[in-house]
Amino acid sequence: MYELKTKETDGSVIEFIESIENVKKREDAYQLLDIFTDTTGYEAKMWGPSIIGFGSYHYKYDSGHEGDAPLVGFSPRKAKTSLYFATGDSGRVELLKRFGKHTAGKSCVYINKTADIDVTILKELIQQSVEFLKRTYPNS
């Protein structure tokens, strides 16, 4: 059976952020930590070695695959910072049009720095994602 790699851990979010060598990326991580915490109302938790997640939900696919994941999160990677939002909500596409400089994959949005984006839209993306997942997975 498939073993989910990204699980909530007891790791320290602050220690993880402090371990980021690039000073600007570390400052951005603290800014994102404040934005995600204030917007979601959830305490930040480490998911795996490098994802800072907020809240959680339990999913189960038709294939039988199931697991837990953060409602939203981010990971300050060396090249770009990954922002994690829900997939499947068409509202995300509209918000991203006004978001600022970014690239997007299926569930990730990648930014170089927080100065490149509209923080108001970021907060809307966070709220939209949390609300969508709570509707989609109401028993979490």
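1. Ground rules. Residues are numbered from 1 along each chain as its sequence is written, and side-chain values use heavy atoms, with hydrogens and water left out. As this is a predicted model, local features need pLDDT of at least 70 and side-chain atom pairs count only at pLDDT 80 or more, while totals for chains, interfaces and linings use all residues.

2. The annotated stretch. UniProt, in an unreviewed entry, lists residues 25-130 as "domain: YdhG-like"; its positions are given in the numbering used here, the feature name is shortened, and annotations may be inferred rather than shown by experiment. Over residues 25-130 the chain is 33% helix and 29% strand, with the end C-alpha atoms 25 Å apart. Helices (H or I, at least four residues) and strands (E, at least two) are DSSP runs, numbered from the N terminus.

3. Helix α2. This helix has 18 residues and reaches 26 Å from its first C-alpha to its last, close to the 26 Å expected at 1.5 Å a residue (the expected span is 1.5 Å times one less than the number of residues). At its N-terminal end sits a cap: a side-chain oxygen of Asn22 lies 2.9 Å from the backbone nitrogen of Lys24. After the helix comes Gly41, with a positive phi near 80 degrees.

4. What α2 packs on. Its buried residues (under 20% relative accessible area, 1.4 Å probe, protein chains only) include Leu32, Leu33, Ile35 and Phe36, along with Lys25 and Asp28. The partners of the buried residues include α1 (13-18), β1 (44-47), β6 (81-84) and α4 (119-136). Where is Thr39 found? Thr39 is in helix α2. It counts as buried because its relative accessible area is 19%. Leaving aside neighbours within four places in sequence, Thr39 is in contact (heavy atoms within 4.5 Å) with Lys123, Ile126 and Gln127.

5. Phe36 and Phe54 are stacked, 5.3 Å centre to centre with 25 degrees between the planes. That pair joins helix α2 (residues 23-40) to strand β2 (residues 51-54), 18 residues apart. Both Phe36 and Phe54 are buried. Phe54 also stacks with Phe74, at 6.3 Å and 20 degrees, which ties β2 to β5 (residues 72-76) across 20 residues. Phe74 is buried too.

6. Six strands form an open sheet in the order β1-β2-β5-β6-β8-β7, with antiparallel pairing; strands pair if DSSP finds at least two bridges between them. The edges are β1 and β7 (103-104), each pairing on one side only. Between β5 and β6 there are four bridges, and Pro76 stands opposite Thr81 in β6.

7. The hairpin. β3 (residues 57-60) and β4 pair in the antiparallel sense over four bridges, with Tyr59 opposite Gly67 in β4. Five residues lie between the two strands, and Gly64 in the turn has a positive phi of about 100 degrees.

Key:
Phe/Tyr/Trp six-rings, centres within 6.5 Å; stacked < 30°, edge-to-face > 60°. Buried < 20%, exposed > 50% of the residue type's maximum accessible area, 1.4 Å probe, protein only. Polar contact = N/O pair within 3.5 Å; in protein donor to acceptor, adjacent residues only side chain to side chain.
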